[in-house]
Structures are given as C-alpha cells and as structure tokens.
2 protein chains.
Amino acid sequence: MNQATDTKARIIERASELMMQRGFNGFSYSDISSPLGVKNAAVHYHFPSKHDLLRALVEDQHENLRRKTSKFMVYGGSAREQLEGLFGFTIHQCKAGRPVCIVGALAADYDELPDDVQQANARFMEDSRQWLTRVLELGREQGEFNFTGKPAAKAISILATIQGGRQLYRVFGERYLQDLFKQIRRELGIET
Amino acid sequence: MNQATDTKARIIERASELMMQRGFNGFSYSDISSPLGVKNAAVHYHFPSKHDLLRALVEDQHENLRRKTSKFMVYGGSAREQLEGLFGFTIHQCKAGRPVCIVGALAADYDELPDDVQQANARFMEDSRQWLTRVLELGREQGEFNFTGKPAAKAISILATIQGGRQLYRVFGERYLQDLFKQIRRELGIET
DNA sequence: CTGTATACTTACTTACTAGTAGGTTAATAT
DNA sequence: ATATTAACCTACTAGTAAGTAAGTATACAG
C-alpha cells in the first residue's frame with residue numbers, strides 16, 4: 001500500500017467517523033485534514049467535491065456491510081448466530097462513537113443529495129433487508145425463530161427498530177439498546 | 001396576539017420545519033428569515049443564539065406532543081385508538097415534510113448540544129415512552145393487546161421502530177412505514 | 001408632550017465554508 | 001538524463017455562517 005492509497009483510506013475512515021457522528025453538514029474539510037496532518041487540498045485532490053466524498057463513504061459502508069455479513073455467515077451459519085452478529089455489530093459501532101449509521105446520518109440531508117448517492121443508499125438498505133430476510137427465513141425453517149407475518153416484513157421491522165435504537169443509544173446509552181435486543185429476541189421466540 | 005408574538009411563533013414554526021427536514025446544521029438564519037419577510041437580526045432578537053432557538057424548538061415539540069397525546073386520550077380512550085393516533089400522527093408528520101422528528105434531527109448533533117437541550121430532549125423521549133407504556137398496559141388489561149414482555153420494554157421497542165421507520169420513509173416513501181405499522185399491530189395481536 | 005419599552009432594521013464584523021490555481025517533490029518510465 | 005505522473009502544499013477566492021452595535025418606528029404610560 002503506497003502513501004497515496006493510505007491517505008485516501010485515512011480520509012475515508014476519518015470522514016466516515018465524522019459523518020456518523022455529526023451528519024453531512026456537521027463537519028468540514030478541516031475536520032478531516034487537520035487530524036490527518038494534511039491540508040484541505042489533499043482531501044480535494046482525492047475527492048474533488050464533498051458529494052464525491054459522500055459517494056465514497058456510502059460505497060465504503062456498503063462494502064463494509066458485505067464483509068461483515070459474510071463474516072456472520074461463515075462464523076456460525078445458524079440464524080440465531082447471524083442475528084447476534086448483527087446485534088454485536090450494532091453495539092460495536094455505537095461504542096466506537098458511531099451511534100448513527102450512514103443511513104441515519106444521511107436521512108437528515110436526504111433530499112439535498114445527488115441522485116446516485118440516494119440510490120447507493122437505497123441499495124445499501126435493500127441489501128440489508130434482503131440479508132436479514134434470508135436469515136429470518138432460515139431461522140423459521142430450522143425452527144429457531146418463531147414469529148408472525150412475512151419474513152420480509154419482520155426484517156424491515158427489526159432493521160427499523162435497530163435504526164431507532166441507535167438514536168436511543170445517543171441519548172440514554174447502552175441500556176435501552178440491550179432492552180431492544182431482548183425484546184426482539186423475545187418476539188422471535190428465542191429462549192434467553 | 002400582537003405582531004411580536006406572531007413573528008416569534010412564525011420563527012419557531014419555520015425553524016421547526018427546517019430542523020426536521022435538514023437537522024441543526026442543515027439550515028441557517030437566512031433560511032428562517034427570508035420566507036418570513038424579516039431580517040436575520042429579527043431572529044437573533046427573539047433567539048440570541050442558535051442554541052436558544054434549538055431549546056425553544058425542543059420545548060415547543062414537547063408541548064406539541066403533550067397536546068396531541070391528550071387529544072388521543074380524549075378522542076376515543078381505547079388503547080387501540082390511541083395507538084392508531086400515534087401512527088396517524090407519524091404519517092401526518094412525514095407527509096408534512098417532517099420525516100425526521102425533533103429527536104431524530106438532534107441525534108446527529110447530540111454530542112455538541114448544550115446540556116439543557118440534551119436534557120429537554122431526554123425528557124421528551126421519556127414522556128413519550130411513559131405515555132406509550134400506559135397505553136400498552138391499558139390495552140393488555142382490557143384484552144385489546146396481546147404481547148410478551150414488559151409494557152415498558154415493548155413501548156421502547158415500538159418507539160424505536162417508528163423512529164427508524166421515519167428514516168425509511170425518506171428513502172422508500174410510505175409503503176414501508178405502513179408495513180411497519182402492520183407488523184406492530186400483528187405483534188400486538190390486533191386483528192386487521 | 002415626553003419618556004420608555006418592544007420589536008424590529010441597517011449595516012457591519014469575524015470566522016469559517018467549499019473549492020481552485022499553480023507550484024513542489026519524489027518516484028517511475030523511457 | 002529527461003519526461004511524466006501522482007500526490008501533495010501554498011495561497012488564494014467567493015460565498016455564507018452566526019452574531020452584534022446602533023439606529024428607527026410604534027405603542028403606550030404618565
């Protein structure tokens with residue numbers, strides 16, 4: 001990995017952090033460049049406009065999710081373990097100072113975003129939904145989960161709950177988030 | 001209502017709209033003053049700093065919620081109807097261009113907020129939770145609702161789901177939000 | 001008629017924003 | 001040795017942000 005790639009990666013990492021902490025309008029190029037020991041122009045070099053940067057962030061997160069979910073799948077394979085992987089991932093992100101995921105961070109600014117960023121975001125969410133839907137189908141088939149309604153509807157419901165839970169985390173800390181996970185388990189008929 | 005009070009109220013109304021559409025960092029004093037036909041300084045006159053304005057917004061929303069919930073309670077009284085009132089309120093807010101509620105809008109900027117605004121926000125959420133907890137208790141006692149776990153935990157779960165649902169609304173429109181409501185009803189054992 | 005308070009406006013400052021033009025350095029290719 | 005390219009930096013622009021100081025119009029009290 002040469003120096004250029006490194007700087008670019010560090011820009012994405014830092015910007016990603018800022019984005020999730022403060023949203024698109026909550027940080028500036030200086031907030032990225034200063035802690036990295038580079039100048040604003042370096043950021044502009046890699047990402048000419050802020051929207052270019054944003055696009056890279058969404059794609060990076062999407063890629064990140066793909067890696068994580070494939071890790072869940074390799075990890076155990078059982079639906080229960082995959083679901084717990086999602087819970088663990090959420091808690092981990094929150095504790096790493098990223099209580100708002102990229103989707104949530106973008107939500108506030110959604111209407112101002114260029115089309116391709118909106119679409120990338122929508123794909124990101126659709127992928128998450130499809131992944132969880134398959135997990136729920138699997139869990140129901142194997143008798144691990146017990147719930148009413150279609151897996152797809154249940155998947156949306158769980159994702160929305162977690163999404164909302166991240167906001168609760170900001171205000172009330174981990175307690176409520178863990179309560180949410182318990183409630184989700186309970187409503188999937190999982191013994192705890 | 002004199003002119004002063006009117007301008008102040010209009011500032012709050014407009015700011016509230018902007019806040020819910022774009023978040024705290026997503027709008028400026030000009031975005032408030034221009035459409036109102038006044039100058040930035042007029043906004044500063046009523047709310048010296050942006051944080052003063054924010055404080056007023058949170059309190060206004062809190063008051064608004066109190067009025068709405070008391071309306072739900074008067075409206076029918078049955079737990080089911082109160083819950084539907086919450087669903088209707090959410091849909092109405094989304095359609096009125098306010099897909100992110102004040103809590104969600106603040107979430108992105110939460111850590112930078114002054115203490116009293118954070119506390120006002122926390123009180124707002126606690127009040128919502130208590131209200132819904134009582135609705136769930138009532139519904140269970142009267143045999144309208146059927147769910148597992150404590151009412152308080154279920155209340156948090158539902159509020160988080162709705163919170164997350166508002167973000168889905170931004171990206172996918174009303175469909176998913178209605179699906180969420182259906183899923184919530186289903187899991188409360190309500191016939192639809 | 002005068003004094004005072006309210007509700008502003010005009011005109012300004014300071015600080016920061018995204019973005020750019022052009023120069024510099026170091027590595028690599030020919 | 002020379003040319004080229006990537007990856008920056010320095011120094012800047014134009015625009016916008018929140019915030020302020022001082023002045024003005026109106027209403028109302030005494």
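1. From the N terminus on, the elements of chain A run α-α-α-α-α-α-α-α-α, that is, nine helices and zero strands. Helices (H or I, at least four residues) and strands (E, at least two) are DSSP runs, numbered from the N terminus.

2. This is a predicted model, in which local features need pLDDT of at least 70 and side-chain atom pairs count only at pLDDT 80 or more, while totals for chains, interfaces and linings use all residues. Residues are numbered from 1 along each chain as its sequence is written, and chains are lettered from A and ligands numbered from 1 in the order in which they are written.

3. The C-alpha atoms of chain A fill a box of roughly 55 × 35 × 30 Å along the principal axes.

4. In the largest nonpolar core, which has 52 residues, Ile102(A), Ala105(A), Ile102(B) and Ala105(B) touch the most other members. Such a core is a set of buried Ala, Val, Leu, Ile, Met, Phe, Trp, Tyr and Cys residues joined through C-beta atoms within 7 Å. A residue is buried if 20 or more other C-beta atoms, placed from the backbone, lie within 10 Å of its own, exposed if 12 or fewer, and partly exposed in between. H1(B) gives this core its largest share, six residues.

5. The contact between the chains takes 40 residues from chain A and 40 residues from chain B; two residues are in contact if their C-beta atoms, placed from the backbone, lie within 7 Å. On the side of chain B that touches chain A, the largest share, 15 residues, comes from H8(B).
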